[in-house]
Amino acid sequence: MERKLRDRRASSKLSDLVELVLSRPLVSAGMIQDRLKVTKQGALNLVGELGLREMTGRGRFRAWGIV
């Protein structure tokens, strides 16, 4: 995960997402949205950049975690 954080802007929320994911077993887009103060689409984009694994197997109401 540290490699993903290299060459990022100082204002990037990606490092905050890493801390959130390490503190919780599963995170949802709504949880990311509330904690990091980003939009739902921004939360989904951050999850995509970090490369988290989707754990619920659903199209809606998804949750991600680290395997």
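Which residues in α2 meet Leu 46, Val 47, Glu 49 and Leu 50 in α4? Select Leu 14, Leu 17 and Val 18, and you have them on screen. Keep in mind that this is a predicted model.

**Stop 1: α2 against α4**

Color helix α2, residues 14-23. Then color helix α4, residues 40-50. Two packed helices are described by the angle between their axes and the distance between the axes. Here the angle is about 80° and the axes lie 10 Å apart. α2 and α4 are therefore roughly perpendicular to each other, as angles from 65 to 115 degrees count as such.

Now show the side chains where α2 touches α4. By class, this contact has 6 nonpolar residues and 1 charged residue, with no polar ones.

**Stop 2: the two faces of α2**

Stay on α2 and turn to its buried residues. Select Leu 14, Leu 17, Val 18, Leu 20 and Val 21. Look along the helix axis. These residues cover an arc of only 165° around the axis, which puts them on the same side of α2. An α-helix has 3.6 residues a turn, so residues three or four places apart point the same way.

What does the face of α2 turned away from its buried side carry? Select Glu 19, Leu 22 and Ser 23: these are exposed residues.

**Stop 3: α2 against α3**

Next, color helix α3, residues 29-36. Its axis and that of α2 come within 11 Å and cross at roughly 125°. That makes α2 oblique to α3. The crossing of α2 past α3 is right-handed.

Which residues make the contact? On the α2 side, pick Asp 16, Leu 17 and Leu 20. On the α3 side, pick Ile 32, Arg 35 and Leu 36. By class, the contact of α2 with α3 has 4 nonpolar and 2 charged residues, and no polar ones.

Leu 17 is one of the buried residues of α2.

**Stop 4: Val 38**

Move to the loop between α3 and α4 and select Val 38. Is Val 38 buried or exposed? Val 38 is buried, because its relative accessible area is 19% and the cut-off for buried is under 20%.

Show what surrounds Val 38. Leaving aside neighbours within four places in sequence, Val 38 is in contact with Lys 13, Ile 32, Gln 33 and Ala 43. Finish with Lys 13. Along the chain, Lys 13 and Val 38 are 25 residues apart. Their C-alpha atoms are separated by 8.5 Å.

Key. Residues numbered from 1 in each chain as written. Predicted model: local features only at pLDDT ≥ 70, side-chain atom pairs only at ≥ 80, totals over all residues. Heavy atoms only, no water. Axes fitted to C-alpha atoms, helices over the stretch in contact; angles between N-to-C directions. Helix = DSSP H or I, 4+ residues; strand = E, 2+ residues; numbered from the N terminus. Parallel < 35°, antiparallel > 145°, perpendicular 65-115°, else oblique. Contact = heavy atoms within 4.5 Å. Nonpolar A, V, L, I, M, F, W, Y, C, P; charged D, E, K, R; others polar. Buried < 20%, exposed > 50% of the residue type's maximum accessible area, 1.4 Å probe, protein only. Arc of directions from axis to C-beta. Left-handed = near helix turned anticlockwise from the far one by under 90°.
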